[in-house]
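Dear colleague,

I am passing a structure on to you, together with some notes on what was found in it. Please have the model open while you read, as the notes go through it one place at a time.

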Amino acid sequence: MSIKQNLLKLKAELPQDVILVAVSKTKPLNDLMEAYNAGQRIFGENKIQEMVDKHETMPKDIQWHMIGHVQRNKVKYMASFVSLIHGVDNFKLLKEIDKQAKKHDRVIECLLQIKIASEDSKFGMSPKMAFDIINSEEFLDLKNIKITGLMGMATFTDNQAQVNNEFKLLKSTFENLKSLNQENCDLHIVSMGMSGDYKQAINCGSNMVRIGSSIFGLRN
Ligand SMILES: *Cc1c(COP(=O)(O)O)cnc(C)c1O
């Protein structure tokens with residue numbers, strides 16, 4: 001099937017309230033344009049330089065989501081345009097995003113990445129750390145960021161029960177933190193689910209899925 005067909009089929013399947021991030025990392029501009037021409041406006045990339053390059057050449061009504069691990073010294077390259085940063089997993093990074101956003105007179109929306117997988121390789125903070133950050137006084141000083149939700153990645157395994165438990169952990173963490181509304185914190189996004197597990201993620205309460213290979217085909 002073509003990218004357009006994959007995308008339309010997927011969109012027909014997703015519940016209305018679930019936002020689709022088309023994960024276009026490593027894919028050429030032509031592929032992204034095919035998705036764009038089929039109506040897709042939210043794209044996810046995991047490398048800042050690649051996202052910057054694509055942003056420069058692609059139509060300007062695209063919302064670019066940074067879904068990968070973010071190095072602090074590279075925040076400045078995307079601060080003028082990035083629409084949502086999914087992988088914020090420490091306070092120093094949040095401070096840097098705030099600083100760079102201020103230079104552009106913007107408020108950058110961020111998700112706190114929670115470690116829900118058992119694998120060591122997955123980034124993220126504990127639910128407790130997320131709670132502590134949102135409740136800290138230093139956090140309230142960050143006027144140029146806004147925490148709009150949580151993000152997580154389940155373990156890469158065939159064990160469905162484990163994946164379900166991990167997604168449920170993210171959802172319950174979200175429910176616990178949701179009431180902590182501050183000026184710069186308004187939790188309404190639960191970003192979880194990829195090509196292999198998005199149906200389960202939605203069943204567990206996801207309202208933002210990040211899907212790459214089911215739209216664009218396998219990556220090298
Ligand atoms: C690559 C990636 C995805 C998409 O993965 P697919 O299996 O191709 O759908 C989702 N989330 C993150 C954080 C990724 O790095």
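Asp105 sits in the loop between α5 and β5, and its phi is positive, at about 55°, although Asp105 is not a glycine. Helices (H or I, at least four residues) and strands (E, at least two) are DSSP runs, numbered from the N terminus.

Before going further, please note that this is a predicted model, in which local features need pLDDT of at least 70 and side-chain atom pairs count only at pLDDT 80 or more, while totals for chains, interfaces and linings use all residues. Residues are numbered from 1 along each chain as its sequence is written, and side-chain values use heavy atoms, with hydrogens and water left out.

Thr26 also has a positive phi in a residue other than glycine, near 70°. Thr26 is found in the loop between β1 and α2, and it is exposed, with a relative accessible area of 53%.

Lys25 is placed in the loop between β1 (19-23) and α2 (29-37). UniProt, in an unreviewed entry, lists Lys25 under "modified residue: N6-(pyridoxal phosphate)lysine"; UniProt positions are given in the numbering used here, feature names are shortened, and annotations may be inferred rather than shown by experiment. Not counting residues up to four places away in sequence, Lys25 touches Gly44, Glu45, Asn46, Glu50, Lys54 and Arg219, where contact means heavy atoms within 4.5 Å.

Helix α8 (residues 160-177) has 18 residues and reaches 26 Å from its first C-alpha to its last, close to the 26 Å expected at 1.5 Å a residue; the expected span is 1.5 Å times one less than the number of residues. The buried residues of α8 are Val163, Glu166, Phe167, Leu170, Thr173, Phe174 and Leu177. They lie on the same side of α8 because they cover an arc of only 115° around the axis, the arc being that of the directions from the helix axis to the C-beta atoms. Asn165 and Asn176, on the other side of α8, are exposed. The cover over the buried residues of α8 includes α6 (127-135), β6 (145-151), β7 (185-191) and α9 (198-203).

In α6, the buried residues are Ala130, Ile133 and Ile134. Their arc around the axis is only 95°, which puts them on the same side of α6. Among the elements that cover them are α5 (91-103), β5 (108-113), α7 (137-140), α8 and β7.

Finally, Lys146 lies in strand β6 and counts as partly exposed, at 26% relative accessibility. Leaving aside neighbours within four places in sequence, Lys146 is in contact with Val107, Ile108, Glu109, Cys110, Glu183, Asn184, Cys185 and Asp186.

Note on methods:
Buried means under 20% relative accessible area, exposed over 50%, partly exposed in between (1.4 Å probe, protein chains only).
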